[in-house]
Each structure stands twice: as structure tokens, then as C-alpha cells.
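Student: I would like a close look at one part of this model. Please take it slowly and keep to what can be read from it.

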Amino acid sequence: MTVGGLSVGLETTPTRRGKRLSPMVYLLVAVGALLVLSAVRALSGATDLTSSGTVQAALTAAVPLAMAALAGLWAERAGVVNIGLEGMMVLGTFGAGYAGYQWGPWAGVVFGLFLGIVGGLLHAVATVTFGVDHIISGVAINLLAPGAALFLSKLYFADAPGGGQKQSPRIEDAAKVTLPGFSDLMGTIEGKRWFFVSDLAGVLRGLTTEISLLTLLAVVLIVATGWVLWRTPFGLRLRSCGESPSAAESLGVNVYKYKYLAVTASGAFAGLGGAFLAVSSGQFRDGQTGGRGFIGLAAMIFGNWRPGGLATGAGLFGYTDAMALRGSNAVHALLLLLGIALVVVAVLQYRSGHNVLSGVAAVIGVLFGWWYFTSDQVPPELIGAAPYVVTLLVLGLASQRLRPPKFVGEPYRKGHAV
Amino acid sequence: MALGLTLAACGSKNDSGSGGTTTGGGTSQAAAKLKIGLAYDIGGRGDQSFNDSAARGLDKAKSEFGIDVKELEAAAGETDAQKEDRLRQLAEGGYTTIIAVGFAYETAVEKTAKDFPEVKFAIIDSAGPSADNVANLTFAEQEGSFLVGVAAALKSKTGNVGFIGGVNVPLIQKFEVGFTAGVKAAKADATVQVKYLTQPPDFTGFNDPAKGETAAKGMFDAGADIVYAAAGGSGNGVFKTAKANGKFGIGVDSDQYNLPALADVKDVIITSMIKEVDVAVYDFITSVKDGKFAKGEKVYDLKAGGIDYATSGGKIDDIKSKIDEYKAKITSGEIKVPSTK
């Protein structure tokens, strides 16, 4: 699920061995993960674990999350916490609904982006210019945006054919592309159920079949973000505002300007995420975002405030989400997968000397394995919780390696060195 | 909550008192008029669905009897206390007849009815609150679901069909149980895949087409060729993916084939389970107007005409006679459709 090679420009941090992982290592990790997946698939018979349908569904679910995570990344790298992502996404869904049903999906995307920018600017004015606490401003936006979207939808959609007070008329979906030939070939191999080969084919087929242009755009934006923030002087200055704004100021960086740009970009990405969601579901509906902005924020933290990491996080959320919605026997197989993953974590932790953590991971991992072998299925009440359990576990075990921008969430006033 | 239904015709005629406006005249003439308050479930007027159906019944009563009407809307994610406030507001505003749309008002009606014994309440879809001034208007959804289950079994080429419920609550389980019974009655060896999009208290499953799309795609990938969507607004995603994969879907609550919002996917909707909420609302108002208010549960079933199946589009014309045979057996009592697992 992870988009390989996206982790451009990993920062080196002094607390760790300053070694940069090469693309080769990432490839090996990906192959290893797929091997484990194949083994679990073969053992449990849950073909949905690696089927092309699951991969497609996971990608579709991951895109709005990845956009929200990217939005969070831009703001937090410049030192501004943006908990208002959810609200900005709501604005994006409305914008996509309004322009989308009249002028087509791409007009919807542009208008959603524009409304997201409005939300971002609001947050920037409050937090940067007036120094309002970031959380308070974010919560205010989360309260304001759904109300505004509802008000506007009553105004514009109630009379539109096929619309209602809380929903827009239909939006056409964006075009989808398939890699001709390759997709069919992979489909044939996937059907053979060969160990590993068919699983790889399933994943590749999912990644090359009926891919929405919106998904491709999202991938481009993630790569572009990595390049802009870590490979350009502009990006260096922007990140310096999040690490040490007074130092940046002393070097002549206009911190206010960079924060404004970053938070506005953040709003734009969140709006895009909302627009993608509305366009791919075919309409705007009140309450449609359903907490995706917050999950995006979690994906960003999971990804250690880096583009490659947040793409992995969003992919993981999308994957478990797709699994939970597609079939319960695959979720049951996830138990075994989690168990194995935790045991691997335990071994790695033990080798790096974290004995307590290693023990905890091992115990939980064994428990998951025991649960798998002593049950036939996961109770439906718990299936929906799968993405959150996975996240909690991963965050809990990986948190010691996370490093947020140093000055994130702190108030900054020009000329008042801290 | 908004159990996915949609009603044609309703999207355009709004304006008649949406969002808490009082229509039907000022205070001078109000004394002589029947004052009816109606509290919507999430979705509200214009949801092309469940709430719109209630609104149609109200509109019909209003135009025929010239009653004084106040409508209030619910918001997503609100608490029981907020729902209670809404009912109190109506009762204190002098509305002597109050209709609560949706089972979510259960607790609120229970409490409010106690404090306003002179006000007559009706709650749709819940047999829960019981008092001398509460009428419970419920539907035998399992019977209609049974009939569309028969249609699905007879129309399926793979012998594999799906059921997608919005939220795993007892009300939606009635749909599932009836559907499964219908499928098995018509084709004993058929497979029924079942999926609920969310678990309570997360009610977003009624309002998330993206989730409906993913779940339906999973069922189609696993061999199903017809999926019954009892999932409110999420059903739109089910029909969309059915169309993209050359499969079929079954609608719910209203004749979804004829809904303008679903016009571009209507050719995959072979039938719909129809629930006449408007009839229940209209009947209730009529009974109050005539001084014949009756407390307790009133079940709108196949026999009473409160439940039916749709034939728009002509996709099931060839098996209509078979479905009608089952329908006759249910109305005569020969077949008893279960409503719980």
C-alpha cells in the first residue's frame, strides 16, 4: 500500500544514527510485508487480504485521508497546529458539490480547493495575525464550517433537481484510467492463487486498474510536497518557522509570511481532500466527512511529519477500512497479521535494547495470535474498530521515534525572541 | 435514521415551511386551527427519502385541512437531550399534536410525553415509548424486504446476493431478516452476504456513499450480482458501483427508480421496498382531527398497504406473478415473516 520511494529527503536527527535508509531498504521492507501477507492469506484462505479489489478500495479510501494528512503537514511544518482540517474538508465537499454538479468534476475540485483556502486563511488570520490559540481557532472552524456548508446547501441545493436541503445533485465522477494489457495479465495471474506471485499480481492489478485521475493527482501532490519542503530554499525557510521561528527571524525570514503561506496551502489541501471525497462519492452530503480530517491528522503523526510516512499511514488506514467494509473473514485474518507484525516489532525492539517495550509487543502479539486460532470470526461490533486498533498499536509502539516540529503549536510574536 | 429512501416529486416543492418556519397563518386564527408540530430525523425535508415521505404526508394534510404546522430539523450527531428540547419547544409553543420522525426520538418522546399529558404524540418506527398520549406508528419492513428478497433470488444468475445495512440497529435488522427469509424461500441454496456499514452509536453509515460503494464492490467481487441497500444515503454508492460493474441493486423506503437524484443509475435498480411513511403521517393527523386519536402501536404492513414493492422500470415484470403469490400468502397469514434473528 505504501507508495514506494516517496520518502524523499528524510531528515537526519541527532538522536538516531544519522543513516539515511536507501530505496533498496524500503523495497525489501515492502517485499517482506507482502511475503507475510501472502503467508497469512495462504494460511487463512482470506483471499481478500491481497485482492485487487481490496487494493482499489484501499486507495480510494486513502486519498482523502492522505490529502488531509498533507494539509496537516504543511501547517505543522510551519509551526501551526491545524485541528480545523475537518472543517476545511467540509468546505471542500460543499464547494465540490456546488460547482461539480453544474460544471463537472474538475470544476468541483477547483472550487473545493478554493473554499478550503478560505478556511485556511481564516485559521491563518486567527493564529498568525491575532495569536489565537491554535486549538481554539481550529475547533471554531470545525464548528463553523459544517454550519456554513449546511446554510449554503439549503440556499443552493434545495431547489436544484435531484438535490435536497442537505445534499447536492449528482456530480459526475472523474475519469478513471487502466493500464491496458498489464491489468488483464495481472488479473489472470491473480486468479491462479500462487503463493506470493498471485498476491503481488493482485496488488499490482489493484494499483493499475480503474485508477481515478484524482488518485494520480494526489500521488503527484505528495511527491511535490516532499520536493518543495525538503529540496528548495522556500521549503527550508518554511520548516525553519516550525522549528525555531526566532532563529529564522534573525536570519531575515519573514516568519508571518511563511506561516500564512503554509496555513493557506494547508487549507487548500484539506479542501482538495473534501472535494475528492465528494466527487468520488458522487455528491455532497451533510456530515459526509465523518471524522476523516482527524484521521488524516493521525496519519500525519503516524508518518512522523513526513510525506512518505503520511502516505503509508493513510494507506494503512485505507487498507483496514476497506477490509472492515469488504468482508469479515479478512478482518479475522488481520488478527493473525497483527500478531505476526507485533512479534516482529518485539524482536526489533529487543535488538535495540528496549526490553520493556519488546515484552509488551510480544505479549500483545501472542494474544492476537491466540485470539485468531481460538475464534472463527471477529464480532461485527469490533470490525469497525479495526482501523483504530491498528493505529493505536502502531502509534503506541512507534511514538518514541516520532519527532514533531519543535515549535509547533507555540504562539509566535514577531520581535519577541523566545 | 434517514433510511434511505427517496421520493421523487418532493425535491422541487419545498418552501412550504422548511426549517422551522410557521406556516398557515398568524396567531389570530390559530386558536381555531389544529396545531401540528413535526420533528424531523437527520436529513430533514429534502432528503429525497424517509423524511421527505413524512413531509409529503404532512403537506397533504395541511392542504386538505388547513392546519397550522411547525417543522423542526435535527442535526447530525446530536444527543437525546437536544431531541427532547426540540419536542419541548413544540409542546410549549402550543402545538398540541407532535409527530417525531424516526426511532432516534424514542427516549425524547418517552420523557416529553410524561410532562405534557395533554399533548398527543406520534413516533414513527418505534414501538418503545408507551403512554396514554403516544401513538407508535411502525412498519412491517420485514414483509416488504421478504418480497424484494424473492425478487433478488429469482433474478440472480449467480445464486449469490447481498444485503447492506446502514447501521446495525434492530430496525435495520428487520430488513435483513426479512430479506434473507425471502431469498431462502425462493431459492433455498442461495447465498446471502450481509454487511452493516457502521455500528451504533456511529450513525454515519446512513450518510456515507463512499462506504456503501466499498462494501458493495466487495460483495460483487465475492460473487454477488444483486445487492439490497437498506442504508439511506449510502445506497447511492451501492447503485453507483453496481452500474460500474454491470450488476444490480434494490432500493429502499421509496420507489428509488423514480428519484431524480438517482436518474443516472436507475437502470440498475430492479425494484425497491416501499415504506409509506406519508400514509402513516396523514392517517395520524386525520385521526387527531376527527377526535379519534388511538394510543399504542399501529403497524403498517403489507395488508394495510403501508408496505409494498416497486415495479418501475419493468426489470421484474417477468417474475411479478410469483412475487404476488408470496404477497398473497403473507397478507393471508399463510407465511409469517420473522422480524428478529
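How many residues does the contact take from chain A, and how many from chain B?

Tutor: This is a predicted model. The contact takes 33 residues from chain A and 39 residues from chain B. On the chain A side, the elements that give two or more residues are helix H2 (52-77), helix H11 (255-281), helix H13 (307-326) and helix H16 (380-383) of chain A. Sorted by class, that side of chain A, the one that touches chain B, has 16 polar, nine nonpolar and eight charged residues.

Next, the partner. Chain B has 341 residues, with 10 helices and 13 strands. The radius of gyration of chain B is 20 Å, close to the 20 Å that the globule rule gives for 341 residues, so chain B is as compact as a globular protein of that length. Its C-alpha trace spans about 65 × 40 × 35 Å along the principal axes. In chain B, 60% of the residues count as buried. Of the contacts in chain B with a separation of 6 or more, 72% come from residues 24 or more positions apart.

Chain B can also be divided. The domain assignment gives domain 1 (22-140 + 277-300) and domain 2 (141-275 + 308-328) of chain B, so each domain is written as two stretches of the chain because the bounds come from an automatic or database domain assignment. The C-alpha centres of the two domains of chain B lie 29 Å apart. Where domain 1 of chain B meets domain 2 of chain B, nine residues of domain 1 are in contact with 10 residues of domain 2. The domain 1 side of this contact has five nonpolar, three polar and one charged residues.

Back in chain A, one helix pair can be described in detail. Two packed helices are described by the angle between their axes and the distance between the axes. For helix H4 (residues 105-129) and helix H5 (residues 134-157) of chain A, the axes come within 10 Å and cross at roughly 145 degrees. The crossing of H4(A) and H5(A) is right-handed. From H4(A), the residues that take part are Gly119(A), Leu122(A), His123(A), Ala126(A) and Thr127(A). They meet His134(A), Ser137(A), Gly138(A), Ile141(A) and Ala145(A) in H5(A). By class, the contact of H4(A) with H5(A) has six polar, four nonpolar and no charged residues.

Methods:
Residues are numbered from 1 along each chain as its sequence is written. Chains are lettered from A and ligands numbered from 1 in the order in which they are written. This is a predicted model: local features need pLDDT of at least 70, side-chain atom pairs count only at pLDDT 80 or more; totals for chains, interfaces and linings use all residues. Two residues are in contact if their C-beta atoms, placed from the backbone, lie within 7 Å. Ala, Val, Leu, Ile, Met, Phe, Trp, Tyr, Cys and Pro count as nonpolar, Asp, Glu, Lys and Arg as charged, and the others, Gly among them, as polar. Axes are lines fitted to C-alpha atoms, for helices over the stretch in contact, and angles run from 0 to 180 degrees between N-to-C directions. Helices (H or I, at least four residues) and strands (E, at least two) are DSSP runs, numbered from the N terminus. A crossing is left-handed if the near helix is turned anticlockwise from the far one by less than a right angle, and right-handed if clockwise. The radius of gyration is taken over C-alpha atoms; the globule rule is 2.2 Å times the number of residues to the power 0.38. A residue is buried if 20 or more other C-beta atoms lie within 10 Å of its own, exposed if 12 or fewer, and partly exposed in between; C-beta atoms are placed from the backbone.
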